[in-house]
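Welcome! Please take a moment to look over the structure below, and then we will go through a few of its features together.

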Amino acid sequence: MRTPLIAGNWKMNTDSTSAAELARGIAARAAEVPGVELLVCPPSAYLTLVRDALGDAAVGLGGQNMYHETSGAFTGEISPAMLADIGAQSVILGHSERRHVFGETDADINKKTQAAFAAGLRPIVCVGELLEERQAGQTAAVIRRQFEGALAGVSAEQIATAVLAYEPVWAIGTGQVATTEQAEEVHADLRKQLTERYNAEVAATVRILYGGSVKPDNAGQLLGQPNIDGALIGGASLKVDDFLAIASASGGVTA
Ligand code: PGA
């Protein structure tokens with residue numbers, strides 16, 4: 001049984017007022033979606049504010065990124081220990097904007113993934129191909145390379161606690177969602193890689209989220225696929241109604 005995970009990646013959006021409002025709005029309605037795990041990932045500047053606004057509602061808190069070192073002379077960065085210290089349980093790693101705007105490599109993401117485990121954080125490790133890679137028929141190879149690179153040295157015990165996210169770069173923030181067939185094909189391949197590299201039990205446990213233009217009107221179809229276990233949502237996670245509608249479309253616990 002994999003409980004659907006609906007994660008909101010607020011990116012570099014909101015201000016202190018709207019972040020608190022959004023968090024309070026989601027917290028107030030979290031009970032409407034039993035059997036669904038909700039997670040919000042606000043900008044780091046608002047993590048504590050959002051934590052407080054969520055109160056004791058069943059909504060998790062995550063970072064959008066972090067550096068792999070614990071502390072030191074790394075101006076502008078936040079550490080895994082800091083995220084854990086302020087009460088975050090999860091952290092998004094290797095998001096396509098980190099890879100393509102900030103130049104993060106699979107090796108960087110691997111260090112961060114290891115550091116997240118060491119700090120007791122749950123990494124949400126993102127993979128996804130560029131449009132030209134898809135058009136060149138390289139999708140499976142790119143995903144495989146990112147999977148191998150980001151998860152190098154990760155044990156079966158560790159991966160069992162992690163989450164993967166498939167986010168085709170061409171579908172992020174573009175309104176151009178992957179078809180259910182395109183998404184399910186990659187998700188099934190990721191599940192196969194988990195089986196090959198670890199074992200069937202681990203592969204059956206790890207949730208694989210889809211991300212890229214998920215909206216209330218396409219969520220049901222995507223989340224109805226056997227290997228799609230939740231969503232990583234950008235734009236639509238900034239509206240309480242849309243976020244909850246997507247969570248509700250996940251239909252609760254899946255087999
Ligand atoms: P989007 O972003 O839902 O706005 O396409 C998804 C993501 O980047 O996680």
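How do the residues of the lining of the largest cavity divide into nonpolar, polar and charged? In this predicted model, the lining of the largest cavity divides into three nonpolar, four polar and two charged residues.

**The cavity**

- The structure holds one cavity of 30 Å³ or more, and the volume of the largest cavity is about 30 Å³.
- Its lining is made up of Gly94, His95, Ser96, Arg99, Cys126, Val127, Gly128, Glu167 and Val169.
- Two elements, α4 (96-100) and β5 (122-127), each give two or more residues to the lining of the largest cavity.

**Aromatic pairs**

- When you look at a pair of aromatic rings, you describe it by the distance of the centres and the angle of the planes.
- Searching the whole structure turns up two aromatic pairs. One of them joins Tyr67 and Phe74, with 4.9 Å from centre to centre and 45° between the planes.
- Tyr67 is partly exposed, and its relative accessible area is 24%.
- Phe74 is also partly exposed, with a relative accessibility of 33%.

**A charge over a ring**

- You can find Arg98 over the face of Phe102, at 4.2 Å from the ring centre.

Methods: Residues numbered from 1 in each chain as written. Predicted model: local features only at pLDDT ≥ 70, side-chain atom pairs only at ≥ 80, totals over all residues. Heavy atoms only, no water. Phe/Tyr/Trp six-rings, centres within 6.5 Å; stacked < 30°, edge-to-face > 60°. Buried < 20%, exposed > 50% of the residue type's maximum accessible area, 1.4 Å probe, protein only. Lys NZ or Arg CZ within 6 Å of the ring centre and 35° of its normal. 1 Å grid on protein atoms, 1.4 Å probe; cavity = no way out; pocket = protein on both sides within 12 Å on 5 of 7 lines; lining within 4 Å. Points joined across faces, edges and corners; volume = space filled by probe spheres on them. Helix = DSSP H or I, 4+ residues; strand = E, 2+ residues; numbered from the N terminus. Nonpolar A, V, L, I, M, F, W, Y, C, P; charged D, E, K, R; others polar.
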